[in-house]
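Subject: Structure handover

Hello,

Here is the structure I promised to pass on. Please look it over, then read my notes below.

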Amino acid sequence: MRPSSLLFMLLQLCCLQMLLLSRPACKLPGKWVETSVHLLHELGEPFPAKCSSVKGQVRFPDSALSAASGTGFDGRILGSLQCRRTLVVLYQFLQGAGAMFAEYDLPEGEGGVTWNNRKLEHYLNLQYRLVDEHPCLNTTETSGVLTAYFSNVTAVVEQQDSAPCGWEALRRDLSWVLKSSVQQHRKCFK
C-alpha cells in the first residue's frame with residue numbers, strides 16, 4: 001500500500017471519529033427505563049402457562065440487539081455506534097408498543113389480562129415520555145428490524161381467543177428488552 005493511500009485512509013478514519021464523537025449524545029434516561037421494567041413486572045403475574053402456544057410465535061428477535069461485530073481502530077467509535085444502534089432499536093420498540101396500546105383494546109374480564117390499571121397507566125405515561133421527549137432517536141437507521149415482530153404480535157392480538165396471550169408476550173418482551181439493554185449497555189443511558 002502506498003504511503004499516500006495509507007495517509008488518506010487514516011484521514012478518513014479520523015474524520016469519521018470526529019463526526020461520531022462530536023455529534024451530541026442522544027441518550028434515554030436509565031432511571032426511566034429501569035422504572036418501566038419495574039412497572040411492567042408489577043403489572044401482573046409472570047407469563048401465563050396458558051400462553052405457551054404463542055411463545056414461539058411471538059418472540060423478540062435477538063439479532064435486533066446483538067453486539068456489533070468486528071474490530072475498530074478506536075473502541076470509542078465502535079462503542080458509540082453500538083450505543084446508537086441499541087438506543088434506536090429500543091426507541092423503535094417503545095414506539096411500536098405505544099402504537100399497539102393506542103390501536104388495540106386490552107381484553108378485560110373473563111379470560112382477559114388482569115393487569116393493575118394504575119401501574120399500566122403509569123407505565124404508558126413513562127413509555128410516551130421516553131418516545132416523545134427523545135425524537136433524536138427517531139430514525140430509519142434500523143428500519144424494518146422489528147416489522148416481523150410487530151406483525152406477529154398484531155396477528156395474535158387480533159385473534160379473539162389468543163389476544164390476552166399476545167399482550168402478555170408484548171409485556172414479557174418489553175420487560176426483557178428494556179432490562180437487558182440497561183444492564184448490558186449502561187453507558188448508553190444517561
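A disulfide here is a pair of cysteine sulfur atoms within 2.5 Å. With the bonded cysteines of the protein chain numbered in sequence order, they pair 1-4, 2-5, 3-6. That makes three disulfides in the structure.

Some ground rules. This is a predicted model, where local features need pLDDT of at least 70, side-chain atom pairs count only at pLDDT 80 or more, and totals for chains, interfaces and linings use all residues. Residues are numbered from 1 along each chain as its sequence is written, and side-chain values use heavy atoms, without hydrogens and water. Helices are DSSP runs (H or I, at least four residues), numbered from the N terminus. Buried means under 20% relative accessible area, exposed over 50%, partly exposed in between (1.4 Å probe, protein chains only).

Cys-26 and Cys-136: the S to S distance is 1.6 Å. The link is right-handed, with 55 degrees about the S-S bond. Cys-26 sits in the loop between H1 and H2, Cys-136 in the loop between H4 and H5, so parts 110 residues apart in sequence are tied together. Cys-26 is buried at 14%; Cys-136 is partly exposed at 40%.

Cys-51 and Cys-165: their sulfurs are 2.1 Å apart. The torsion is about -75 degrees, so this disulfide is left-handed. Cys-51 lies in the loop between H2 and H3, Cys-165 in helix H6. Both are buried.

Cys-83 and Cys-188: the sulfur atoms are 2.0 Å apart. Cys-83 is in helix H3, and Cys-188 is in the segment after H6.

As for H6, 18 of its 22 residues are buried, so the rest of the structure largely encloses it.

Best wishes

Terms used: Helix = DSSP H or I, 4+ residues; strand = E, 2+ residues; numbered from the N terminus.
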